[in-house]
Amino acid sequence: MRLTRQSPDVLQLQDVPPFFAVLLADLPRIAALHEEARERLYPDPLSPDGDDLLSDWREHVVPELERLFASSREIAARDIAAMDVGAESASLSIPDKNIDAWLNALNQARLIIAGRNSFREEDLDAREEPDLSTARGLDLLRLHFYAHLQEVLVGVAG
Amino acid sequence: MSGTAVITREETREKRVLDVPWNVVVHNDPVNLMSYVTMVFQRVFGFHRDKAVRHMLEVHHKGRSLVWSGERERAEAYVEQLHGYLLLATLEQAEL
């Protein structure tokens, strides 16, 4: 799997093995489960003893964040829908203008996966290969794969 | 005379409350990547890379980092931006 420039303003993730193409295709579904991780995705800006800011925040800021996150998911989903999937490998084009949306969608998915599995720092840093015969192991691999993709995109965007 | 003094004291107290700076604090989160957090600090606050890395490492090792202090509206705007990047950030009123 490698990242190349398809054109001056489009990245291409090439030679994606079929297994990872499936994990990629699953990103919009995972990220759409944001209600599962609502507290983490839309945290309060103050400690519980905060003031009236909290109600304003929930009324005005949270809907804006919801729109931003939904838009990011939609952009990533559109790119994924156009993924070129072959028998041996897949390739995915990501226009530079969509990189921020991708970073956001990948982060949403990773936070949701971490939340629903209660992954701790030691789980994420573990050296052993995840046990893919379990849903938790598959989610851990998925989380690492999305992290790898995010790391690559940060390298381009940063 | 004493009435004026009381009013002045009240105004001073009110002004002091308004003048108290607000801190923007970013909290540790095992999921967000170090490189991503560094990039966000550079984008949101315009930090040079070294400073962004220093704050990122402080978050990572100490659990939190005070990344900005100042007037409340701007602090709120920064927290909103940080939440937009899915970082855990809060507002705290500075202690005088």
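Predicted model: local features only at pLDDT ≥ 70, side-chain atom pairs only at ≥ 80, totals over all residues.
Residues are numbered from 1 along each chain as its sequence is written, while chains are lettered from A and ligands numbered from 1 in the order in which they are written. Local features need pLDDT of at least 70 and side-chain atom pairs count only at pLDDT 80 or more, but totals for chains, interfaces and linings use all residues.

**The two chains**

In the interface, 15 residues of chain B are in contact with 24 residues of chain A. Contact here puts the C-beta atoms of two residues, placed from the backbone, within 7 Å. On the chain B side, H2, helix H4 (72–84) and strand E3 (89–93) each supply at least two residues. H4(B) gives the most, with four residues. Helices (H or I, at least four residues) and strands (E, at least two) are DSSP runs, numbered from the N terminus.

The side of chain B that touches chain A can be sorted by class. Ala, Val, Leu, Ile, Met, Phe, Trp, Tyr, Cys and Pro count as nonpolar; Asp, Glu, Lys and Arg as charged; the others, Gly among them, as polar.

| Contact | Nonpolar | Polar | Charged |
|---|---|---|---|
| Side of chain B that touches chain A | nine residues | five residues | one residue |
| H7(A) with H2(B) | four residues | two residues | one residue |

**A helix pair across the interface**

Helix H7 (residues 135–157) of chain A packs on helix H2 (residues 34–45) of chain B at an angle of about 30°, with the axes 9 Å apart. H7(A) is therefore roughly parallel to H2(B) (angles under 35 degrees count as such). H7(A) brings Gln150(A), Glu151(A), Val154(A) and Ala157(A) to the contact, and H2(B) brings Ser35(B), Tyr36(B) and Met39(B).

**The core**

The largest nonpolar core has 56 residues. Such a core is a set of buried Ala, Val, Leu, Ile, Met, Phe, Trp, Tyr and Cys residues joined through C-beta atoms within 7 Å. Among the members that touch the most others are Trp102(A), Ala105(A), Val24(B) and Leu87(B). Helix H5 (residues 99–117) of chain A gives the most to this core, with 10 residues. Beyond its neighbours within four places in sequence, Trp102(A) is in contact with Ala76(A), Ile94(A) and Leu153(A).

**A buried serine**

Ser72(A) is found in helix H4 (residues 53–81) of chain A. Ser72(A) counts as buried because it has 23 C-beta neighbours inside 10 Å; the cut-off is 20 or more. Leaving aside neighbours within four places in sequence, Ser72(A) is in contact with Ala101(A), Asn104(A) and Ala105(A).

Terms used
Axes fitted to C-alpha atoms, helices over the stretch in contact; angles between N-to-C directions. Parallel < 35°, antiparallel > 145°, perpendicular 65-115°, else oblique. Buried ≥ 20, exposed ≤ 12 C-beta atoms within 10 Å, placed from the backbone.
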